[in-house]
Amino acid sequence: MSQPLSAIAKDTGIQYFLVSFTDLFGVQRSKLVPAQAIDAMAESGAGFAGFAAWLDLGPADADMFAVPDTQQLIQLPWKPEVGWLPADPVINGAPLAHAPRNVLKAQMARAAEAGYVLKTGVECEFMLLSPEGDALSDPHDGQSKPCYDQQALLRRYDVIAEICDAMLTLGWEPYQNDHEDANGQFEMNWGYADALITADRHAFFKFMVKAIAEKHGMRATFMPKLFAELTGNGCHMHASLWDEDGNNAFHDNTGELGLSQTAYHFIAGLLDNAKALTALTNPTVNSYKRINAPTTLSGATWSPNTISYTGNNRTHMIRIPDDDRIELRLADGSTNPYLLAAGVLAAGLDGMERKADPGQRLDIDMYEAGNDPAYADRKLPLNLIDALRELEGSHALRSGLGTDFVSAYVKLRIAEWQDYSRHLTQWERDTTLDC
Ligand SMILES: [Mg+2]
């Protein structure tokens with residue numbers, strides 16, 4: 001974009017810019033900058049005290065500057081006088097290595113060196129709640145199998161259509177919206193793109209859904225497991241690698257299910273690194289109430305319980321839905337959009353570098369077979385601390401994603417786990433009072 005942002009502001013009516021970065025816990029932090037000051041800010045970055053966000057910085061550290069990526073400007077469809085700019089944190093004149101957008105860019109550069117670009121699409125499930133967040137927004141949404149419920153979908157038409165209209169305006173190529181498998185749960189799908197673009201859109205989508213829901217007197221949540229008996233909020237990712245000539249490197253007419261050897265090495269990398277990757281795809285204490293969960297009221301959790309891959313079968317961690325991509329069904333709504341893509345790419349590249357073999361796919365119902373002792377060594381981590389220790393000890397992800405990042409991430413998440421561990425629950429009282 002050769003035009004300065006101030007000129008774009010004049011053309012489009014933007015009066016303020018949100019210069020926004022995403023921290024390690026996925027929180028978006030911003031400065032609201034008037035259009036007349038944006039050109040200088042685009043050059044130097046907006047200043048932040050990094051310690052005040054979830055980053056591994058101290059209060060005595062120098063100011064961190066978030067330098068906006070001016071190519072990725074998004075004018076807020078619901079508030080067109082504001083423009084949103086994803087930004088890259090810089091400190092002491094160099095990129096902050098553990099900042100999530102920088103981590104993903106480093107993985108994209110690694111892939112580019114090998115001759116590939118990762119393309120992704122994400123399915124961000126969310127729920128619409130009352131403003132207090134303690135009940136569904138729609139008291140009539142009570143079916144035991146609510147997936148694709150036409151009546152409940154249309155009762156939330158005003159919110160869903162406004163979000164979809166926004167995506168149409170932004171050129172994201174949205175193509176379908178539905179009521180999902182939990183009461184109050186929805187999913188909206190848009191076109192796939194280069195992983196960095198999808199990550200920016202994924203971050204913006206969460207911001208937009210929450211903002212538009214608020215406008216309609218509701219609260220939107222991407223929390224992985226809000227109600228024990230209902231299906232949680234997943235974030236399935238569809239992924240493919242493309243070569244420098246613009247060919248899909250995952251597709252091969254002669255390959256098993258139409259996928260190439262490259263795709264199978266990538267799958268093997270995801271399987272081999274799954275336990276460590278879970279610390280990124282399922283990053284919160286609550287995440288582990290969704291994976292490994294008992295059956296929900298609807299009859300299925302739709303989340304994996306085992307490290308396995310399959311063909312067109314939704315009971316596994318990796319599904320091959322077609323001959324052009326894979327679907328990773330592991331991540332949930334609390335995943336950081338940048339770290340999700342970075343983790344997937346690092347794990348996949350590791351598999352490709354080792355020419356790893358994923359073994360035979362399993363064409364079985366893994367929800368049935370998941371508790372079979374034969375698959376005991378394929379169980380996903382049962383809680384966040386186990387996943388963090390896997391990540392901490394993972395040579396492949398540490399060398400792929402960088403020690404700076406892994407150390408910073410594990411340190412902050414372990415501190416969060418310790419905070420959680422101090423809380424007493426009713427379950428403990430119920431089961432331990434009479435010990
Ligand atoms: Mg879904």
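Guide: Let us begin with the setting. This is a predicted model, in which local features need pLDDT of at least 70 and side-chain atom pairs count only at pLDDT 80 or more, while totals for chains, interfaces and linings use all residues. Residues are numbered from 1 along each chain as its sequence is written. Buried residues make up 49% of the 435 residues in the chain; a residue is buried if 20 or more other C-beta atoms, placed from the backbone, lie within 10 Å of its own, exposed if 12 or fewer, and partly exposed in between. The chain holds 14 helices and 17 strands, which are DSSP runs (H or I of at least four residues for helices, E of at least two for strands) numbered from the N terminus.

Val159, Ile160, Ile163, Ala166 and Met167 are the buried residues of H5. They cover an arc of only 125 degrees around the axis, and therefore lie on the same side of H5; the arc is that of the directions from the helix axis to the C-beta atoms. An α-helix has 3.6 residues a turn, so residues three or four places apart point the same way. On the other side of H5, Tyr157, Asp158, Ala161 and Thr169 are exposed.

The buried residues of H5 pack against strands E9 (126-129), E10 (176-179) and E11 (185-189), and against helix H6 (195-215); contact requires C-beta atoms, placed from the backbone, within 7 Å. Just after H5, Gly171 takes a positive phi of about 80 degrees.

Key
Two residues are in contact if their C-beta atoms, placed from the backbone, lie within 7 Å.
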